Amino acid sequence: MMLVDDRVWALFKGHWQHTLTYWSVFFSFGLCIAFLGPTILDLRCQTQSTLQEITWVFFAQQLFLMLGSALGGLFKKTLRCSLSALFVSSLVISVVFAIIPLCHHVLMLAVAMAISGTAMGVIDTIANLQLVKLYQKDSAIFLQVLHFFIGLGALVSPLVADPFLSEGSCVLGGNMTANSSTDLHHLRSYLAGKGTTPLHNVSHHYHLHTEGIITTNVSYAFWIMALINLPVPVAVYVLMYRERLFPCSNHSPRLLDKEKNSQKNQQDHNIQGHGGLFGCCNYADVKDRPASYFLLYILGGAVLFITDGIIICSLTQGSYTGFIYTYAVSPPLSLPHKTAGCLTSVFWASVTAGRLASIYLSYRYTQQRLISVSLAGMMAVQCLLLILYSSPVFLFMGTCVLGLFISSVFPCMVALTEDMVNYKGCATTVLVTSAGTGEMVLQLLTGQLIHSKGSYSFMLVGMISSCIGFTVFLGLIYIQHLHKSSQAATSKEMAMTEKPSSE
């Protein structure tokens, strides 16, 4: 039995170079976006800053990733604009990673991370948007592969950084003893879930010098990452050349021209994209739209604001894994630091495996059914984590199952919402920006709650958020039903109006 039918395979063969380029961009995206967390302490040594100062680098990247996601909508008007933005953004990431070792002040590092965050946000929006435009009703399968590659990149990224991370204190000063490698591993995992949460208590437990001899080798990790990322802008450049988007490439046949539906797809690129986060919501487009049309955008964005914000919690800072690590090493579990650190690998391995499985599931089942099962599963797992809060075994099992359930929510929501609004292109921009906003805002709030109320509050917030997300999704399905009924009634009225005039 074939995993996919001949029609889907034919679609892929017709757009294979476009598709592979977007997938490679997202693999690089996953590598880079998960790279900051493991290297944060070595970057603190490089900039000779305090923990409170260096954690603002997290916030700078996260904030500008959200802004970049909204900015990506400006480049959707034509294929030339989209690929040009993709090329520049992927090249900027390589350049920024190459110059990060030269940033010896925390402010310079924050600016560099803000620039890379903006580029990553643009990539996030454009890659999702272009795949939706290429495959439309069949986009769910290819979006699942796209998000599998970002998970794979995030899983591989720590392996690149690990050989160059300091085993002890990377700033040697005075006569004070250096921290052990176990302490620093614990601190790295602890910081992953803190964002810009106050870290005053942490400073009292660790002797982290800001003056002295810098012994870190993390520069090599960033230079290697910059080299690994270089083939990506090259691949985008080759695609632009093949699409005759440069004056010097006019003699080469366009890839999209070889397909029967290429002209329609290209017209969609030119007509449907009007630029900007709300570019398709100008007065001419929306003056006759029913209220249900706007509610589809609002509720779709709300689902991802909640689920992607508090549950998936952003690859940039790995907030879920940081929060769950904090929970695991705190009473009543009080797991050893190394054991709790394995939760990160368990979580991202399950997310990556879930996205791989979702490629086939998206072909077999509707997006509505997959999202319903995923959100219901998230609620069940969060409920069991609350009940069995003192069980280390179920903490690992629950983290694994939770990763499987949440893995397909984002790509399925993008495909479903775009289908609801007839692939206008705005839904992708709105959803990606909503997810980025949720990732930034809700993880900050959760970090503050953990700091003030204790680690158990993370589980409680996760459960409440899962219930709200599922409720909002049910509201989205109901509004979709109203929207379809409104469209059907409008079409019927138009048909009745045109019939007498034709007679």
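Is the crossing of H6 and H7 left-handed or right-handed? The crossing of H6 and H7 is right-handed, where right-handed means that the near helix is turned clockwise from the far one by less than a right angle, and left-handed that it is turned anticlockwise.

## Basis of the model

The model is predicted, so that local features need pLDDT of at least 70 and side-chain atom pairs count only at pLDDT 80 or more, while totals for chains, interfaces and linings use all residues. Residues are numbered from 1 along each chain as its sequence is written, and side-chain values use heavy atoms, with hydrogens and water left out.

## The chain as a whole

The protein chain has 21 helices and 2 strands, which are DSSP runs numbered from the N terminus (helices H or I, at least four residues; strands E, at least two). Of its 503 residues, 57% are buried, the classes of relative accessible area being buried under 20%, exposed over 50% and partly exposed in between, with a 1.4 Å probe and protein chains only.

Among contacts in the protein chain with a separation of 6 or more, 82% are between residues 24 or more positions apart; contact means heavy atoms within 4.5 Å. The chain exposes about 20,700 Å², and carbon and sulfur atoms supply 66% of this area, as computed by the Shrake-Rupley method with a 1.4 Å probe.

Helix H6 (residues 106–135) and helix H7 (residues 139–161) have axes that come within 9 Å and cross at roughly 155°, the axes being lines fitted to C-alpha atoms over the stretch in contact and the angles running from 0 to 180 degrees between N-to-C directions. H6 is therefore roughly antiparallel to H7, given that angles under 35 degrees count as roughly parallel, over 145 as roughly antiparallel, 65 to 115 as roughly perpendicular and the rest as oblique. From H6 the contact is made by Ala127, Asn128, Leu131, Val132 and Tyr135, and from H7 by Ser139, Phe142, Leu143, Leu146 and His147. These residues divide into 7 nonpolar, 3 polar and no charged, where Ala, Val, Leu, Ile, Met, Phe, Trp, Tyr, Cys and Pro count as nonpolar, Asp, Glu, Lys and Arg as charged, and the others, Gly among them, as polar.

Gln136 lies in the loop between H6 and H7. Its phi is near 45°, a positive value in a residue other than glycine, and at 18% relative accessibility Gln136 counts as buried.

## H2 against H5

Helix H2 (residues 16–33) packs with helix H5 (residues 79–99) at an angle of about 30°, their axes lying 12 Å apart, and the two are therefore roughly parallel to each other. H2 passes H5 in a left-handed crossing. His18, Tyr22, Val25 and Cys32 of H2 make the contact with Leu79, Leu83, Leu86, Ile93 and Phe97 of H5, a set with 8 nonpolar, 1 polar and no charged residues.

## H2 against H11

H2 also packs with H11, at an angle of about 160° and with the axes 9 Å apart, which makes H2 roughly antiparallel to H11; here too the crossing is left-handed. Gln17, His18, Thr21, Ser24, Val25 and Ser28 in H2 meet Val232, Ala235, Val236, Val238, Leu239 and Arg242 in H11, and by class this contact has 6 nonpolar, 5 polar and 1 charged residues.

Val238 is found in helix H11 (residues 231–242) and is partly exposed, with a relative accessible area of 38%. The C-alpha atoms of Val238 and Thr21 are separated by 9.5 Å, although the two residues are 217 residues apart along the chain.
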